[in-house]
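Dear colleague,

Please find the structure below, handed over for your study. My notes on what was found in it follow directly after.

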Amino acid sequence: MKDKMNIKENNIIPFVPTRDLVVFPGMTMHFDVGRPMSIKSIKNAMEGNGYVFLCAQKDFNTERPEKSDLFKIGTIAKVRQIVKAPNGIYRCLVEGVYKARLVSFYEHSDCYEAEVKGLPTYSKEKLDENELIAVFREVMNSFEDYAQVLPKMPQELYAQILGAKTPVELFEGIAFNIAMPFADRQGLLEAPSAGEKLVLLLTILTRETEVLDIEQQIHQQVHSQIEASQREYYIREQIKALQNEIGEGDEFSEGGEIQSYTDKINSLELSDEVKEKLLGEVKRLSKMGTVSQEGVVLRNYLDTVLALPWNTYTKDRTDIKKAQQILDKDHYGMKKVKERIIENLAVRALTPDIKGQILCLVGPPGVGKTSVAKSVARALNRKFVRVSLGGVKDESDIRGHRKTYVGAMPGRIMNAVKLAGSKNPVLLLDEIDKMSNDFRGDPSSAMLEVLDSEQNNAFRDHYIEVPFDLSDVLFITTANTLDTVQAPLLDRMEVIELSSYTREEKFNIAKEHLVKKQIEKNGLKASQIRICNDALYKLIDSYTREAGVRNLERSIGSLCRKAAREIVEDDVKKVTFKADNIEKYLGHERYQPDLVSTENSIGSVNGLAWTSVGGVVMPLEVLVLDGKGKIELTGSLGDVMKESAKIAVSYCRSVADKYGIEKDFYEKKDLHIHAPEGAVPKDGPSAGVTMITGIISALGNIKVRSDVAMTGEITLSGKVLPIGGLREKTMAAYKAGVKTVIIPFGNKGDLDEVDDAVKMGLEFVFAKTIKDVLDVALVQNDNESVPLELLNAQNGGRKKITV
């Protein structure tokens, strides 16, 4: 043993006295060392040959033990790892090697050492073979009994111990893994042979099994006593309920809580189903204690349900002219919305019981979708409530939570009706396109019942639990796009599109509404500030570019603040803003207007495009180069525009002779088609006529009129198909000073939506085929000169409409 362990002379090695810790030979374990002398001893062992003697002290509380305070038998262990932990503690990993006897104990100034004598881990067996087998079986049976009463015995450990084949395996499997008192573990260490160790282990297991069994009995008794206590509490509460039933309680007295709930329910005109449900909940409440948690839940439920406007209505305004005046006063334009509301009033005047009114206002941000809903409520003389649906992911936000949950509440729909205080409010469901779903459900599906006029007359909120009639509610939903709205939900709504405002609409909105609002908001008087018409046009054209008027209002607000500063600082009586002094206050122009060239040119065509902030003039340039028939497309063009370019080239090949184009240009010439402002993505089919005109102009060396703009989709046979966004596109052409606009014949009916000033200032050509486009756009004679007139609504007369 001495050679194997490399123990120093006299068998003296580092020694660590342990507290309530016994390490068996062959056992690997972690333990913490905190006493300074023990820490030094374990470090000495690690720095030496790695061996340390571990021997338990008899009294846990002895801080500096002497030899008499220590057991005589311990274990020589190999130190595998030392890790410093917080608070000066060291965590050690050791592996038991041999059992040893303590011969001498040495206490130095900073550490311990001990002289030890090695002992065999298992001495010669004293039991004969039969006795050993009997003990082995008894220990195995005793362990099975122990495992039955021990909670959470690991299945792997159980299988390992039951699979032991030898007494040593059985002993180590149990002793190394089963929790037992410290004194028992020391006794097992000191027992010499495997048989004697098993006999002692049998005694320990039997005793521990009995103790655990007694603990279970005590636990069951305590649990039974608690149940008895609860039973007694319930009986006492039932006695109180019986007293209330015979009128001895306070709650049924005049003015009592239960009587108050009953009177409120009876005073409402409710269906038999609802009344029966509510009276049943009141009866349940009467049988509960005043401090009962369930009683609190029922009180909150009854208070919420009875606060709903079951029989409260507001009287609709039937004066159509008055309603029209209110709508016109609050908002400029918005003809479709106003017409729909006035139509609704007219129908209601004829059939007051009409149900199911669900409108969906779709348009870009800032065009007044939310504010027009408020105006509708004012015109109808109804209460107005707004419910924001942006970011809603949980179905319970719409339908509510069941009242059994902690913190349960009604959904947003019922809560909004409660806040409105009437059964027929205007309920605005804002941003319905921004609802999403996750593992908690799909709120869009929950909205299907709310917005179905055939179902919402008996809407059931999970919290309310009884049907509530929503058919008298005027639902108005808003959305920026319909792409994210489910098809079944979209089918339940009447969609009204609010397109971006035109230049003239923005001007009128600013003049009639925004300027007055900002003057009042900034504490000014009308006599102190004047914003001229040309200044408003300047703000619209050069300082804002948006679909709505939010930034325009901010710019007007900025002018008002600067005027207020001049009035206060410089004692100015009045500040006037004109187009020529706007830059002094707001800085340089942020946007340049779309202007077209004043000269006819080859391969350059004025196209028209729609954007979310309005229409724009989109010049298209075509360049012909010597090559091998390659087509180069630049300017961030989308797939649809690329396909339009291919159609345009194919059509040009079919009419090459007519315009003096070489038949084999597609083999000898390269075409480069470019749309300026390359950083802006562009897509859509309406640039088809523009591309054909540019390509024929470039290949045939024919100039294109600079005062003409065009839009339209093409087919391979040369037909011109209708497009969208005509209102915005024609406004852009009008602002840019274009004289003639070529549009598809199929869009002729859409001119009704075009601004009157635009129709007065432009000449419209309706094209059925691409020939109609080319006859107007191409300069037939090089000497022909077409002057560009910068037209305005103020000085332009009505032009003829050419087909």
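Helix α18 passes helix α20 in a right-handed crossing; a crossing is right-handed if the near helix is turned clockwise from the far one by less than a right angle, and left-handed if anticlockwise. Helices here are DSSP runs of H or I with at least four residues, strands are runs of E with at least two, and both are numbered from the N terminus. The model is predicted, so local features need pLDDT of at least 70 and side-chain atom pairs count only at pLDDT 80 or more, while totals for chains, interfaces and linings use all residues. Residues are numbered from 1 along each chain as its sequence is written, and side-chain values use heavy atoms, with hydrogens and water left out.

Helix α18 covers residues 503–521 and helix α20 residues 550–569; they pack at an angle of about 45 degrees, with their axes 10 Å apart. Axes are lines fitted to C-alpha atoms, for helices over the stretch in contact, and angles run from 0 to 180 degrees between N-to-C directions. The two helices are therefore oblique to each other; angles under 35 degrees count as roughly parallel, over 145 as roughly antiparallel, 65 to 115 as roughly perpendicular and the rest as oblique. The contact (heavy atoms within 4.5 Å) involves K506, A510, L514, V515, K517, Q518 and I519 of α18, together with L552, E553, I556, G557 and C560 of α20. By class, these residues are seven nonpolar, two polar and three charged. Ala, Val, Leu, Ile, Met, Phe, Trp, Tyr, Cys and Pro count as nonpolar, Asp, Glu, Lys and Arg as charged, and the others, Gly among them, as polar.

A second pair is formed by helix α3 (residues 129–149) and helix α5 (residues 167–175), which pack at an angle of about 30 degrees with axes 10 Å apart. That angle makes α3 roughly parallel to α5, and their crossing is left-handed. On the α3 side the contact is made by L132, F136, V139, M140 and F143, and on the α5 side by P167, L170 and I174. Eight of these residues are nonpolar, with no polar and no charged ones.

As for the cysteines, the structure holds zero disulfides (pairs of cysteine sulfur atoms within 2.5 Å). The sulfur of C532 lies 13 Å from the closest cysteine sulfur, in C560, which is too far for a bond. C532 counts as buried at 9% relative accessibility; buried means under 20% relative accessible area, exposed over 50%, and partly exposed in between, with a 1.4 Å probe and protein chains only.

With kind regards
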